[in-house]
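Me: I'm new to this one. Can you walk me through it, a bit at a time?
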Amino acid sequence: MINLVENLRSGLDHKSLDKINILNEISEKNPDSISFTSGSPDSENYNVKDSIDAINYFVEYLSKKNKICFDSAYKMIGNYSKSKGIINDILAKKFQYDEGFSVNENEIIVTSGGQESITLTLQTICNEGDGVLVVSPFFVGVEGAIRTLNLAHFQVDETDEGVDIKSLESQIIKAKSEGCKLKVLYCTPNYSNPTGICMSLKNRLELIEVCKRYGIYILEDNTYGGMGWTESPPTLQSLDSNGRIIHIGTFSKSIYPGLRIGYIVTNVTLSSNGSSILLADLITKLKTMTTNITSHISQSIVGGIIYKNNYSLKEKLSKESELYKLKMDYLINCLSESFSCTDGYSWNIPEGGFFVIFKTPFKVNMEDIFLSAERNKVIWMPLNFFSTEARINCEKWNSIRLAFGNLSKDQIKIGVERLSLFFKQYHLEKSA
Ligand SMILES: Cc1ncc(COP(=O)(O)O)c(C=O)c1O
């Protein structure tokens, strides 16, 4: 048999790339389980049936903008076009209204989802072996991109305020001492996946300052932006004046994930042979050679929805966030009825997003999910799933992530009852 490591790209056999598949397998084997693992939004918000109307709104927009008849506008959508996207002007207005930053259309790339935004950005900025700083714990898709691109990574601790600046500086020094060329820091300032933490304004400014000092780009993932119970501080993209931010996001949470529409926004400019070049143009070169264009049908749906909502999703998201907050409150309520802090259980109360971190009085691992699914029909993710740190004995990792976005109140109630049965029996067995 042909040896994978010797014959294919290295990194593809790394076990971390199987994490999501393992979870899918567990869910398939235990279809009657309640799963606290999915980062999906509430499927009640999907409105897939209205997507045809959204395409028609976008056609109306195109026909007005280009002074063409509807038929020609439909044909435009059916054809090839530029890799950067066909809804960039609509998105530029949305960013101005919703996020408060102005950006040129040619500084936006429409991607096939947030994951593509992350991978394309890292692939453009980094050579194999270059270093990425990650605020840990962090989104598994970033670890996947780092592994498949053969990059080095350095984990920076998170605090309740956001990024631990001392840890950031010590990781920068560590990377330099190991001779690693650090290129970029990845972070999710708004309602991180997995911890739900929202960075304070002070912390955002400090982070920008440190990265400027060391010449490091910041990859700002705003996947959960606008999904807070209260107003969050401005994005790094709005706060930065040094031209070092690559801001990414997705419509997977605010419209629906099956659309596969995300974006990269960056005004980073570089010099090459005496002239200047936009980082967005370099990322686009890679995009052209991978997916070429992002589905025009999906772009039209997103463009039509935003156009019809006066270039803003703010109202839609704030209504939906109120419902997510009710779910989060209900989850916290169920946890406090079933678990006692005196037994060593506790949880955080996030200010937005889809995730609650539930702390257990003992270590939890990947194997325990199988046990929990088979015995008690409830599935969750251990927090160490979102980190590559070996400090598994550190108390910080005695936690699990509970995703509540796509669960009904009944499912949350039954799920927490099952969690309680599982952990109580597990605790007895561990301490026997
Ligand atoms: C923080 C974060 N970034 C990016 C993504 C990827 O988004 P998409 O589904 O659009 O690829 C996710 C998905 O859950 C996420 O949680």
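Me: Let's start with the open sheet. What order do the strands come in?
Reply: This is a predicted model. Its open sheet has eight strands, in the order S2-S9-S8-S7-S6-S3-S4-S5. The pairing is mixed.

Me: Which strands stand at the edges?
Reply: Strand S2 (108-111) and strand S5 (162-163). Each has a single partner strand, so one side of each is left without a neighbour in the sheet.

Me: Take S5, then. How many bridges join S4 to it, and do the two run parallel or antiparallel?
Reply: Two bridges, and the strands run antiparallel. S4 covers residues 152-159. As for partners, Glu158 is bridged to Val163 in S5.

Me: And at the S2 end, which helix lies across S2 and S9?
Reply: Helix H5, residues 88-99. H5 runs at about 110 degrees to S2. Strand S9 is 262-265.

Me: New topic. What domains does the assignment give?
Reply: Domain 1 is 4-31 + 315-431, and domain 2 is 50-313, according to the domain assignment. Their centres, taken over C-alpha atoms, are separated by 27 Å.

Me: How many residues of each are in contact?
Reply: 29 residues of domain 1 contact 28 residues of domain 2.

Me: Which elements give two or more residues to the domain 1 side?
Reply: Helix H2 (19-29), helix H13 (314-338) and strand S13 (355-359). H13 supplies the largest share of that side, six residues.

Me: What kinds of residues make up that side of domain 1?
Reply: Twelve are nonpolar, ten polar and seven charged.

Me: Now H14 and H15. At what angle do they pack?
Reply: About 115 degrees, with their axes 10 Å apart. H14 is residues 366-376 and H15 is residues 409-431. Their crossing is right-handed.

Me: Which residues make the contact?
Reply: H14 contributes Ser372, Arg375 and Asn376. H15 contributes Arg418, Leu421 and Phe422. By type, that contact has two nonpolar, two polar and two charged residues.

Me: Last one: Phe36. Where does it lie?
Reply: Phe36 is in the loop between strand S1 (34-35) and helix H3 (51-66).

Me: Is Phe36 buried or exposed, and why?
Reply: Buried, because Phe36 has 26 C-beta neighbours inside 10 Å. The cut-off for buried is 20 or more.

Me: What does Phe36 touch, leaving out residues up to four places away in sequence?
Reply: Ile379, Trp380, Leu402, Ala403 and Gly415. Met381 is 345 residues from Phe36 along the chain, yet their C-alpha atoms are separated by 7.6 Å.

Methods:
Residues are numbered from 1 along each chain as its sequence is written. This is a predicted model: local features need pLDDT of at least 70, side-chain atom pairs count only at pLDDT 80 or more; totals for chains, interfaces and linings use all residues. Helices (H or I, at least four residues) and strands (E, at least two) are DSSP runs, numbered from the N terminus. A residue is buried if 20 or more other C-beta atoms lie within 10 Å of its own, exposed if 12 or fewer, and partly exposed in between; C-beta atoms are placed from the backbone. Two residues are in contact if their C-beta atoms, placed from the backbone, lie within 7 Å. Two strands pair if DSSP finds at least two bridges between them. Axes are lines fitted to C-alpha atoms, for helices over the stretch in contact, and angles run from 0 to 180 degrees between N-to-C directions. Domain bounds come from an automatic or database domain assignment. Ala, Val, Leu, Ile, Met, Phe, Trp, Tyr, Cys and Pro count as nonpolar, Asp, Glu, Lys and Arg as charged, and the others, Gly among them, as polar. A crossing is left-handed if the near helix is turned anticlockwise from the far one by less than a right angle, and right-handed if clockwise.
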